[in-house]
Amino acid sequence: LQPDCILVDSRTGFNEWGAFSLLRAADKAIVFLYPNEQNTQGINLLLQALAGKVQISIVFSPVPLLGGVGQELVQRQWKALQTGGQRQEEETEQVYPVEELAEPIIIPYINGIALADTYPVSEFESFYAPIANIIENEETTASYVRNYLSKPDERARIVNSLRFPEIPENAVKATELGRMFQRTNDFDRFLDSTTCLIRGRKGTGKSALYWLLLKYKEDAYKLAHERLKNVSSFSGHGAFTQRPTRGEFQQIAQAIEQYNSSWEAFWRHYLVLRLHMHGLLKHLLSGGKSNKYVDLRQLLKNIPNTSQDLWGAEYLATILDMLKHPELDTLAQDLFGEFDGRQREQEQSLWLLYDDLDEDLHDSIRNDALIGLFQLIQTSDARKLTHLRFKIFLREDIWQRLNFTNKSHLNGRDILLQWTKTDFLRMALRQALLSEEFKQLVERTIPFQSLEQASDETVERALQLLWGNHLTRNAKSSLVSNWIYNRLTDTSNTTFPRSFNRLLHVACEVEKRALQTKTTSSSESAMDRLLRQSALNEGLRIASQQRCQDMREEYPELQAFFDVLRNAPMFPTKKELQGLWEQCQRPYTTFENFVETIRSIGLITLRPREQDYRFAEIYTYGFEMKRRTGYQ
């Protein structure tokens, strides 16, 4: 019969000799289930049986009360499908990892469908369009793309036009950050004026937010949809302005001890100095000897009011002078109270941004200095300052090590930056569209109005022009988008946009060099994509090296352990992992504490079924670990 589609109603379940044999012969399977635990357990068995043999899509239907209880049901069962019955990290060509499932399609319960006399019901067709798109043959578009990219001149023209500018760690040189910036789900919470702590692993985009508000204000306002209308941003500390060096911070620490002052007082004086330098305190400090702030004004008289961001010996000397006089700290608190009142009258808010604290504060003083900064925030809250707000960008590992009174005061006022697969793919397409040539190719094949309004499926299809659909010509091999995302995600489900950007930048450069030297063999070239798998592999290798270097900087106490990972197995047994721990002079008192530490930072996870451990893909290349033969 050679049917295009077979429908299986499996309300009584599957068995090995019936539906499984049909499904194993398929190119793709679309599995419908009501979101409950019984169905999820059954589908997990199905996923295991079809591993590596069939491309699978999941549809939750019908989902009651979409957006309320129904959405919670879907999220719970989707998570169970992703974590239950996993058969991870076997040979890529033979196994379909459960974690590489595409995002599920959700169909709500619709009265109009349930009560209809005839089908289809046109007004509800949009709910089912994603299913139709999976079923329908997309060979027409693929054929056009292959024909177009098979022309060497056209392919070279588009590849050479691609630009994936690397985002430096401090984003100083990211001249196109505003155009490249991807708005994630965290962005709305970041815009909340009460959010004062932005936490994240190294490379998750903290500095990008800092620079977006300070250097790319117009882009920030557009992304914020009017929420920044009455907000100005100011660098309290960070690479946007000149600031004290590490050595000068050491001098400040000595002065604090010598004059029996505090880090909270330093941060307050430092902010007074910064605001004065930009002329923002002019009205409050002006006047004759009757002005209550005359002593502050006297100390600041040698500091010019200018829009230039300067820092020199006279600035440090002024700070040290201010620390000598405890009464100035009280004056500074009053000054900020009046400043906040002026802001309130003008219906304006000033956000004070603090970045690069991990770089500029030496380990010996960092904890005390940061605690003082958070105490400044707490004091400002106690004095009910509502139009002078703080935003602290801090590495997650540093935050976890901090211990101070009322740390819980910041619960609910912090965000931990997280990137979803949707965020990653939209960021990749946003950067690819910087090329007018690539943009024209997309418009010819998969046109859409705007990236913000494009569906996830449209984004995936557009990116297939960039890196293809499947890893190999075998339609049952892993999707490239899943391959990339999973290899840039650690075992704590943290993903790293800077690593993703690095991967694409390197892959693009590899392709350009291949075109220049004409080293692309016919067996290697893929005419349905611009970036070949070999280029992506090289990009992943370099991105992994960068990420491993970040880990060394984040966790210096694990340096010896990182050193012994070279040639260590990616899937160590408990005995092998214990041997690695013993080689590195046991940085933790017990093996159990050690395992919990490296698990909590996303380096490793336990595989209960196999009774061994698995290191995250993103670290295996950079630490030069041993991988299984034939595994890509």
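Which residues form one aromatic cluster?

Analyst: The model is a predicted one, in which local features need pLDDT of at least 70 and side-chain atom pairs count only at pLDDT 80 or more, while totals for chains, interfaces and linings use all residues. Residues are numbered from 1 along each chain as its sequence is written, and side-chain values use heavy atoms, with hydrogens and water left out.

The cluster is formed by F249, W263, F266, W267, Y270, W311, Y315, Y354 and F390. In the structure there are 31 aromatic pairs, where rings of Phe, Tyr and Trp (its six-membered ring) pair if their centres lie within 6.5 Å, and planes under 30 degrees apart count as stacked, over 60 as edge-to-face and the rest as tilted. W267 and Y270 have ring centres 6.0 Å apart and planes at 50°, so this pair is tilted. Both belong to helix α13 (residues 263-277), and because they are three residues apart there, about one helical turn separates them; helices (H or I, at least four residues) and strands (E, at least two) are DSSP runs, numbered from the N terminus. W267 is buried, its relative accessible area being 0%, and Y270 also counts as buried, at 1% relative accessibility; buried means under 20% relative accessible area, exposed over 50% and partly exposed in between, with a 1.4 Å probe and protein chains only.

A stacked pair is provided by F374 and F404, with 5.7 Å from centre to centre and 10° between the planes. F374 lies in helix α19 (residues 363-382), whereas F404 lies in the loop between α20 (396-401) and β8 (414-416), so the pair ties together parts that are 30 residues apart in sequence. Both F374 and F404 are buried.

Charged side chains also meet aromatic rings, a charge being counted as over a ring if NZ of Lys or CZ of Arg is within 6 Å of the ring centre and within 35 degrees of the ring normal. The charged end of K391 sits over the ring of W351, 4.3 Å from its centre, and K407 lies over the face of W399, at 4.4 Å from the ring centre.
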